[in-house]
Amino acid sequence: MKLYTHIVMDAHGDTRHTFNPDSEVEVREAMKRFDELLKTHVAARRLGEGRTELVRSFSPADEEVLFFRKLVGG
Amino acid sequence: MRWLAAIEMLVPGLVLWASFVALLCIRDWVLHGLAARLPPAQNAEALIREWLSPEQLRDYEQWRKFQVTGSAGGRYLIAPGYIRDLDAGHHICFVPKNWSVLPVADIMLARKIALENDEGGALKVAYRLPY
């Protein structure tokens, strides 16, 4: 069974939340977490070979999604 | 003989200045070395290595910086402490809002993803530095 992952950049480097894409309950929880994170974070999926894509809605097919806080001038 | 006297006057100042610079370098070297050994920094290192392209990873491992092409075609050099707009020839700066708690590799990865996917959005929030 392959677990999918939400990776959130934070003070620990990152925190990883895994879920089973075949479990309806876990997918629902993952969707809730995704929607909550998207209020304050940017989400991106990895396409391979260094290519990435921003994600604006939850898809249970995304194996790995990375979240980082929205950007500000630094 | 006048120039000899001038040099004698300058030497103490130069030695003091060089010592100050050396102390700063040693301080940065120690702090950077310690930070890189902390678990968050190690996690961030592992993460960025997974998400960089092979070319970017090669440059990152060799120089600790790498180049990205923005979604609108701009070229940028991302380094630990700065982003250089290679076309405009000056520096820009933007960070994730919680930048102060993030390891530097996380910040670099966030900058890469932002520029490669939403260059316009990143530039809208970025500070443009005059150098």
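Trainee: Where do I start with chain A, and what pattern does chain A follow along the sequence?

Mentor: Start with the order of elements. Read along its sequence, chain A runs β-β-α-β-β-β-β. That gives chain A 1 helix and 6 strands. Keep in mind that this is a predicted model.

Trainee: How compact is chain A for its 74 residues?

Mentor: Compare the radius of gyration with the globule rule. For chain A the radius is 12 Å, close to the 11 Å that the rule gives for 74 residues, so chain A is as compact as a globular protein of that length. Its C-alpha atoms fill a box of roughly 40 × 30 × 25 Å along the principal axes. Of its 74 residues, 23% count as buried.

Trainee: What share of the contacts in chain A join residues at least 24 apart?

Mentor: Take the contacts between residues at least 6 apart in sequence. In chain A, 40% of these join residues at least 24 apart.

Trainee: Now chain B. How many helices and strands does chain B have?

Mentor: Chain B has 5 helices and 5 strands. Their order is α-α-α-β-β-β-β-α-α-β. Buried residues make up 25% of its 131 residues. Among contacts in chain B with a separation of 6 or more, 53% are between residues 24 or more positions apart.

Trainee: How do I read a helix such as α4(B), and is α4(B) mostly covered or mostly open?

Mentor: Begin with a general rule. An α-helix has 3.6 residues a turn, so residues three or four places apart point the same way. Now the case here. Helix α4 of chain B has 14 residues, 104-117. From first C-alpha to last, α4(B) reaches 20 Å, close to the 20 Å expected. The helix is mostly covered, with 12 of its 14 residues buried. Among the buried ones are I107(B), M108(B), R111(B) and E116(B).

Trainee: Where do the two chains meet, and how many residues of chain A are in contact with chain B?

Mentor: The size of an interface is often given as the accessible area lost when the parts come together. Here we count residues instead. 20 residues of chain A are in contact with 33 residues of chain B. On the chain A side, β1, β2, β3, β4, β5 and β6 each give two or more residues. That side divides into 7 nonpolar, 6 polar and 7 charged residues.

Trainee: Which strand of chain B pairs with β6(A)?

Mentor: Strand β4 of chain B, residues 90-96, pairs with β6(A). The sense is antiparallel, over 3 bridges. In this pairing, G73(A) stands opposite F94(B).

Trainee: Last, the core. Which residues touch the most other members of the largest nonpolar core?

Mentor: That core has 35 residues, and F67(A), I48(B), L109(B) and A110(B) touch the most other members. Elements giving two or more residues include β1, β3 and β5 of chain A, and α2 and α4 of chain B. The largest share, 8 residues, comes from α4(B). Leaving out residues up to four places away in sequence, F67(A) touches H6(A), I7(A), V8(A), M9(A), L37(A), H41(A) and A43(A).

Note on methods. Residues numbered from 1 in each chain as written. Chains lettered and ligands numbered in written order. Predicted model: local features only at pLDDT ≥ 70, side-chain atom pairs only at ≥ 80, totals over all residues. Helix = DSSP H or I, 4+ residues; strand = E, 2+ residues; numbered from the N terminus. Rg over C-alpha atoms; globule rule 2.2 N^0.38 Å. Buried ≥ 20, exposed ≤ 12 C-beta atoms within 10 Å, placed from the backbone. Contact = placed C-beta atoms within 7 Å. Expected span 1.5 Å × (residues − 1). Nonpolar A, V, L, I, M, F, W, Y, C, P; charged D, E, K, R; others polar. Pairing = 2+ DSSP bridges. Core = buried A, V, L, I, M, F, W, Y, C linked by C-beta atoms within 7 Å.
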